[in-house]
Amino acid sequence: MIVTYKWLNDFIDLENYTPKQVADLFTSIGYEVDEMKELSKGMERVVVGKIEKLSRHPNADRLQVCEINIGQKKPVQILTAATNVFEGALVPAALDGANLPNGVCIKTSNMRGLESQGMLCSGEELCIDNSVYDGALVDGIMIIKEQDTPLGTNIAKFLGLDDVVYDISVLANRPDCQSVKGLAKELGAALNLPLKDATFRYKASKVDLPFSIDVRDDDCPYFLACVVKDVKLGPSPLWMQQRLKLVGMRPINNIVDITNYVLWELGQPLHAYDYDKIRGQTIVVRKAAKGEKVLALDDNVYELDSTMTVIADSEKPIGLAGIKGGAEYSVNDKTKNIVLESASFKRESIRKTSRKLGIRTDASARYERGVAPISCVAGVDRALALIHELKVGKISNEIVSNTSVETRGKTITFALDYVNRLLGIEIPEMEIIRILGNLGIIATVKGKKLSCITPPIRNDLDGPSDIVEELIRYYGFDKLESTNMQKTTPINGGLSEKQELKNKLVDLMTSVGANEVFTYSFTSPKQLDKLLIAKNSVLRNVMQISNPLSLDYSIMRTTITGSLLEVISNNLAHKNTDFSLFEIASTYEMPQQSTELPIEHNVLSFVDVSNDADFYSTKSIVEMIGQSLGLTLSYKPSTVSYLHPNISADIVWANKTIGYIGKIHPRVCKNFDINQDVYCFEIVLDSIPQRKVKKVKPLPKFPASVRDMAVVVNEETKTGEMLNAIVKAAGQMCEDVELFDIYRGTPLANGEKSVAWKLTFRKQDATITQQEVNDLFDKILNELKVKFNAKLR
Amino acid sequence: MQQKIEQIMKEAEKEIVSANNKNSLIQINAKYLGKNGELSGLMRGLKDVSNEEKPKLGAILNEARDRILELVKQKETELEDAELDEKIKTEKVDITMPVKPKKLGAIHPIEQIQRDLINYFVSQGFTVMDGKEIESDYYCFEALNVPKDHPARDAQDTFYFDAERLLRVHTSATQIRTMENKKPPIKMISTGRVYRVDEVDATHSPMFNQFEILVVDENVTLSDLKGVLENLVKHLFGEKTQVRLRPSYFPFTEPSLEADATCVHCGGKGCSVCKQTGFIELLGAGMVHPNVLKNCGIDPNKYVGFAAGLGLERLAMIKYGINDMRDLFDGNIKFLKQFK
């Protein structure tokens, strides 16, 4: 919301406050000032002067000597190189000491033997264009057309730029402050200043133009209209045009400008229709018929549906309620009589229609936030007063409306003690009454109760906490104490299981050299193709965003590996190599029922493009995680589409597949523009139980006996299966089995490998004997012989 | 015989002292104490000695044997020490040699900030609660007192799956889930991803991370909130940092406020980081709206509460001087590695 210092001053006397103080005050009461522009900055020493005499410079062909009357006894002499100046012209004259808006400093100087006591300015030098002053961008000095301008007038004042413009963020719950008056009222409350008297007066009479309204739509709680006869269309006065321009609106004609002026000043949208175009002399507020069309002021034809409210005459829509008027019914040169509309529409209705049709206007923006019926009355009064003041037409003494306006506010009564209870500080009773009174809230204290009657325009005030907010807003947050929950119940805090697990895994993953990334939870359906995911795969059962930013961010991911491959690809493109990444985040599984929320799996995903990465190094990280979480993991062949079919496995825990590990399928690498081997794993952490505290085993009392066993087996023999066989055969007395070497080559035959195991045997209750060790050794060897056709090497 | 023993001992001592390697010690040992050693010979000769002299000579012989053993042992230790010293002299490293460090991964800056905040609040009795990212309209809006026609519900701000299901726009949804399941006193924090319809640019992202704080108890006030926020800001940016509270509006808190911290770069004097204002916007907060408590089955006449929510990307950007929010999600290794 843009307001100006002077416009605010129409409603409240700000004389004793600088523009900066006003800005700070706005911020302190919740109206953040996004920008403050002092428009006259740099124009302090630029005045309107008249060129009384013009002569050539005796020593310089290109310079002219101007004798300028600046309304003082003595004229000033200014030299200029511009050629568009002439005797009698009014021009902006920058005097000695001026510091122009474009940064140029003006000093009296000697130019080829003659003194120049300033500079004549172009529009460019004043940093203004034709929108501020028609003719500002002329080549040469800006010529002021208004010959009756008093000489010596400050140029900023002449241009209407002797003002300060604030761009203010108005909070969503305060539609009443989307106006100059609304903001002035808030300032007044903060400064303890009353609003200036602003009663709008006008003369009305019988105008002899029949007119009626018929409101049939509940989305229009209040509709008010008035006829103005014999309008004299023309430009609005300069002061009005200048103000409209300062707040960013284009002056059009006196009628439209008045409606815009009132919109800005009071926040009430108004619309003027050409009375003589309205068939049946009646305005109907109704829902559009499906397929009904309207040609709007922006020259677009909009096709409507039956949820949209229209303003119609006896036949057709003449405007989109609260959004835009119809082109054929707008005020133009030929207009003789007008109907002025001031109405209130429901927020959601305007919002929906505006979104559906894709039109947003100053009016719709205000209706979306809420326009109270009572504001319609003030709006039409103000507009009619301006019409009267500017002698635009004859005002009808009949203002028609569909109902009467509620002028009483709500009553909110609560225990006075609640103020202290919520704030933690006492606000003196007198202060409470004063602050609320300044806001138009009539507050009375009876015993221990505070009773408040709210102004009808303040729809946001609903309960005791709303009143307390108003109190602290104006009493000041700086008056709050800083306490630290001393009066709350002491309780113990703690991490959630999920958070604890995450902390552990982040530490573990970074300790093995992986870097943590945060990637977007949504991705592109194309990624699923790049991952070679089959059309019927569950990974294609994705939650789809109905209004995504783009296709690239349109589905919720069902695996994180894809996102990490994108990150690898980006890094390789930046010549970053030899690294590994991980992310702990959610994947989203579509629920069975479309009414349920999806299952959000907690997933750890890892990818590795380190120079020394291979399947086994990746597996060792998975095993480390298994140890850390107390899980015994096993592996079985995997069918994950984006993994190498022979270098991949499903990770199994407690007979459930909880993830996968492997080399990324070379074809997938190609799809992601990755020209290196990538190893990865992904583990779903959902079902992993919190690790229980384990009681320690007593340390062994008797010595262990260690034996090595190297056996020759066929190349295809799985070492994991051998290990299982060894453990099973060895029984209780086998403490540890470790694979320590695999050998291929002479003297072994092709297709053979020697697998060497370190076996540790121990008894808990006695020293294990050589005989026992030998027996176990033979038993294990025998098992390997039977199962894998192994030969002792 | 006694003389003989003394003679042998003298010789033995001399030999042991002059021995210069372990081998000669072994030989010396054998020469005197071995099977055919000189002392062993005398030992065997004891049987020919008279019974009177036997105990005395026996004792002398034993003493001599022990003495030799001891001397040998002593010399052995001496020789070992000398040997070790010699070896140590030859073992050298170049301590300035550049090496490739063991790989250490970096924890993402957002994670680091999350952890820091979690530790800070857990130590003050707060419990971490997990939330859902895909939420229902009820938890994300309705229960939080966000009216049906509130602009936040618009498809221009919120990603929807259908009329009911959406990507949460704030972690405040977790407040509701917490209060539904847990009765006061409540001190909870929650952190995670939230989503808003924003194009990706240097200061916007359709996905970002929030941190939520909620306290509900019989005696908790806006002054408590002020104190908690002031301490938090000092924890984050240092003791000298000041907090400015500004009135604001959120449907789920009343009174609502926004907290600004004095700019960490200029200390409040005004610079390009704070756009000359001296302050940096940090978070939104307020007293829990009575309707929100009511929606969760908590009696607003008995309990009050405060809540606050802060954006972690913004915090990370201020703390680490990150200029472009995209850096946080791009995963460029050169960026990430700086957070080791």
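Arg216(A) counts as exposed at 56% relative accessibility (buried means under 20% relative accessible area, exposed over 50%, partly exposed in between, with a 1.4 Å probe and protein chains only). The model is predicted, so local features need pLDDT of at least 70 and side-chain atom pairs count only at pLDDT 80 or more, whereas totals for chains, interfaces and linings use all residues. Residues are numbered from 1 along each chain as its sequence is written, chains are lettered from A and ligands numbered from 1 in the order in which they are written, and side-chain values use heavy atoms, with hydrogens and water left out.

**Salt bridges**

- Over all chains the structure holds 59 salt bridges, a salt bridge being a side-chain nitrogen of Lys or Arg within 4 Å of a carboxyl oxygen of Asp or Glu.
- The side chain of Arg216(A) meets that of Asp214(A) in a salt bridge of 2.9 Å, N to O, and Asp214(A) is partly exposed, with a relative accessible area of 29%.
- Glu348(A) and Lys352(A) form a salt bridge of 3.5 Å, N to O, and both lie in helix H7 of chain A, four residues apart, about one turn of the helix (helices, H or I with at least four residues, and strands, E with at least two, are DSSP runs numbered from the N terminus).
- Both residues of that pair are partly exposed, Glu348(A) with a relative accessible area of 26% and Lys352(A) at 47% relative accessibility.

**The interface between chains A and B**

- In the interface, 92 residues of chain A are in contact with 96 residues of chain B, where contact means heavy atoms within 4.5 Å.
- The area buried between the two chains is about 7800 Å², of which carbon and sulfur atoms give 52%; buried area is the accessible area (1.4 Å probe) that two parts lose on being put together, summed over both.
- Between chain A and chain B the count is six salt bridges, and one salt bridge between these chains joins the side chains of Glu32(A) and Arg246(B) at 3.2 Å, N to O.
- Arg193(B) forms a salt bridge with Glu583(A), with the closest N and O atoms 2.6 Å apart; the pair crosses between chains, from strand E4 (residues 186-195) of chain B to strand E28 of chain A.

- Chain B has an open sheet of seven strands in the order E1-E4-E5-E9-E8-E7-E6, with mixed pairing, and two strands pair if DSSP finds at least two bridges between them.
- Strands E1 (127-128) and E6 (243-250) of chain B stand at the edges, each with a single partner strand, so one side of each is left without a neighbour in the sheet.
- E7(B) and E8(B) pair in the antiparallel sense over eight bridges, and the bridge partner of Ser256(B) in E8(B) is Gly286(B).
- Cys263(B) lies in the loop between strand E7 (253-262) and strand E8 (279-288) of chain B and is buried, with a relative accessible area of 2%.
- Leaving aside neighbours within four places in sequence, Cys263(B) has contacts that include Cys271(B), Cys274(B) and Phe279(B).

**Ser628(A)**

- Ser628(A) belongs to helix H16 (residues 615-629) of chain A and is buried, with a relative accessible area of 15%.
- Beyond neighbours within four places in sequence, Ser628(A) is in contact with Lys504(A), Leu508(A) and Arg691(A).
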